Amino acid sequence: MTSTPVPNTFSSPKNLFTSSDNALDQLDTLPDLGTFLDSHLSPSVAKELITTAQALVSSRGRGIYATDESPEAMDALFQAAEAGDSDEQGPKTYSDSERRERRKEWKKDAYEVMSSEFVSGVILSSETLLDFNLGPSLTSKGIIVGVRAHGELAPLPTSPFEFIVQGLDNLLSNLQAARAAGARFSKWRAPIACTSPALELPSQVSLDVQAETLAMFAAISQQAGLVPIVEPDVEFSADASLERSVEVHEKAIGMIYARCREHGVLLEGTLLKPSFPQPGLKHPSRSNINPKDIALATVTVISRSVPSAVPGVVFLSGGLPSSVAISYLSAVNALVNSSSAPSPFTRLPPLTFSYGRAIQGDAIKHWVRGDKDSLKASLEDACKSCYRAAKGE
Ligand SMILES: O=P(O)(O)OC[C@H]1O[C@](O)(COP(=O)(O)O)[C@@H](O)[C@@H]1O
């Protein structure tokens with residue numbers, strides 16, 4: 001059976017450069033990439049992807065606000081923030097349309113606070129991008145809009161504690177719709193279990209599946225004209241030591257780039273969103289780990305496993321308390337700042353944030369109580385602290 005090939009979004013030059021993104025103004029300053037790139041993408045598409053990826057990690061300190069929770073996850077965050085506020089009638093209940101309205105109002109209020117001084121990009125759920133149409137409120141401020149690309153999780157048949165991430169089937173058309181609505185980058189999160197070697201997670205098959213899925217996502221995202229942010233999220237809920245977490249991070253990230261090569265992904269037009277290597281919550285060293293240990297582990301993993309073509313690394317916060325996630329990022333960048341040649345740490349790309357819960361955790365608590373002044377102060381403070389941490393301050 002023959003099938004009609006789906007053309008790249010940009011097969012026609014007239015579709016290019018219709019956006020008002022500031023980042024695109026820099027296109028002419030890039031060299032003629034055709035002279036050194038061996039890419040199936042056209043030079044114009046390649047240039048736009050590279051420019052957008054670079055804009056997301058410059059100037060140093062700016063990073064990404066991740067607000068791409070699924071609608072159900074957002075409702076759960078509101079519910080958790082309201083816990084303790086309920087009177088004797090129990091927790092407040094909301095209809096479907098009230099829940100939808102609350103999600104929309106929260107995002108509007110949060111995006112109003114965002115400033116391009118500290119935040120280069122915001123990741124939206126498809127509900128926020130396509131149904132609420134809130135992308136323009138960010139692009140008008142010079143903030144680049146991204147979209148969550150991954151779908152639901154399904155258990156891996158051979159390993160019930162590991163997951164397949166769904167969403168590849170309709171990915172190209174979904175991302176083309178997101179681009180039409182103003183998105184210029186996308187993100188796919190792949191959870192990776194991590195235990196002591198005795199408990200044998202992650203399994204080899206799950207690492208193979210996540211690497212292949214993330215690489216396919218990255219290739220399709222570029223086909224749709226969106227910079228892919230590849231997110232291997234190595235979990236820390238179990239009994240792994242810091243050394244074991246480093247080993248799993250290095251292996252998982254290395255495998256992803258090996259698959260990206262096979263799928264022809266233009267690495268210069270991608271970003272990596274990893275977790276910080278850290279001991280699991282059930283490991284005895286967890287209680288006395290300090291940010292300097294995490295920093296050394298983190299930059300070691302990045303320098304060993306991320307190709308230098310990748311323009312930046314944007315860390316997830318993984319549910320860590322905001323102050324902890326910020327202290328880890330600060331220690332990472334302080335270590336880089338204090339390194340000198342020939343240390344490989346001097347050759348790393350910008351290392352910044354793509355935090356969700358670590359930016360908005362407190363702000364949501366203020367918002368559900370109707371305290372918009374505190375919401376604003378809390379979000380501004382969190383973004384500024386992340387920005388300073390990404391400079392190593
Ligand atoms: O809904 P998911 O796929 O579990 O993702 C949860 C969150 O994890 C992230 O990937 C990282 O966010 P955190 O910094 O809160 O860990 C976000 O982009 C996303 O909203």
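P197 sits in the loop between β6 (185–192) and α7, where helices (H or I, at least four residues) and strands (E, at least two) are DSSP runs numbered from the N terminus. The model is predicted: local features need pLDDT of at least 70, side-chain atom pairs count only at pLDDT 80 or more, and totals for chains, interfaces and linings use all residues. Residues are numbered from 1 along each chain as its sequence is written.

**Whole chain**
- The protein chain has 12 helices and 10 strands.
- Of its 393 residues, 48% are buried. A residue is buried if 20 or more other C-beta atoms lie within 10 Å of its own, exposed if 12 or fewer, and partly exposed in between, with C-beta atoms placed from the backbone.
- Among contacts with a separation of 6 or more, 79% are between residues 24 or more positions apart. Two residues are in contact if their C-beta atoms, placed from the backbone, lie within 7 Å.

**Loop between β6 and α7**
- P197 counts as exposed because it has 10 C-beta neighbours inside 10 Å.
- The C-alpha atoms of P197 and D239 are 9.4 Å apart, although 42 residues separate the two along the chain.
- E200 belongs to the loop between β6 and α7 and has a positive phi of about 65° without being a glycine. With 11 C-beta neighbours inside 10 Å, E200 counts as exposed.
- P202 is also placed in the loop between β6 and α7, and the peptide bond joining L201 and P202 is cis, with omega about 10°.

**Other backbone exceptions**
- Most residues other than glycine have a negative phi, and most peptide bonds are trans.
- N133 is not a glycine, yet its phi is positive at about 50°. N133 is in the loop between α4 (126–131) and α5 (135–139) and counts as exposed, with 12 C-beta neighbours inside 10 Å.
- A341 and P342 are joined by a cis peptide bond with omega about 10°. P342 lies in the loop between α10 (322–338) and β10 (351–355).

**Packing of α7 on α8**
- The axes of helix α7 (residues 204–223) and helix α8 (residues 242–262) come within 8 Å and cross at roughly 45°. The two helices are therefore oblique.
- Axes are lines fitted to C-alpha atoms, for helices over the stretch in contact, and angles run from 0 to 180 degrees between N-to-C directions. Angles under 35 degrees count as roughly parallel, over 145 as roughly antiparallel, 65 to 115 as roughly perpendicular and the rest as oblique.
- The crossing of α7 and α8 is right-handed, meaning that the near helix is turned clockwise from the far one by less than a right angle.
- Contact residues include L207, L214 and A218 of α7 and M255, I256 and R259 of α8.
- By class, this contact of α7 with α8 has nine nonpolar, one polar and four charged residues. Ala, Val, Leu, Ile, Met, Phe, Trp, Tyr, Cys and Pro count as nonpolar, Asp, Glu, Lys and Arg as charged, and the others, Gly among them, as polar.

**Packing of α8 on α9**
- The axes of α8 and helix α9 (residues 291–305) come within 9 Å and cross at roughly 25°, so α8 and α9 are roughly parallel.
- α8 passes α9 in a right-handed crossing.
- Among the contact residues are V246 and I253 of α8 and A297 and V301 of α9.
- The contact of α8 with α9 has five nonpolar, four polar and three charged residues.

**Ligand shell**
- The ligand is surrounded by 16 residues, of which A66, L316, S317, G356 and R357 are the closest. A residue is near a molecule if its C-beta atom, placed from the backbone, lies within 6 Å of it.
- The shell around the ligand has six nonpolar, five polar and five charged residues.
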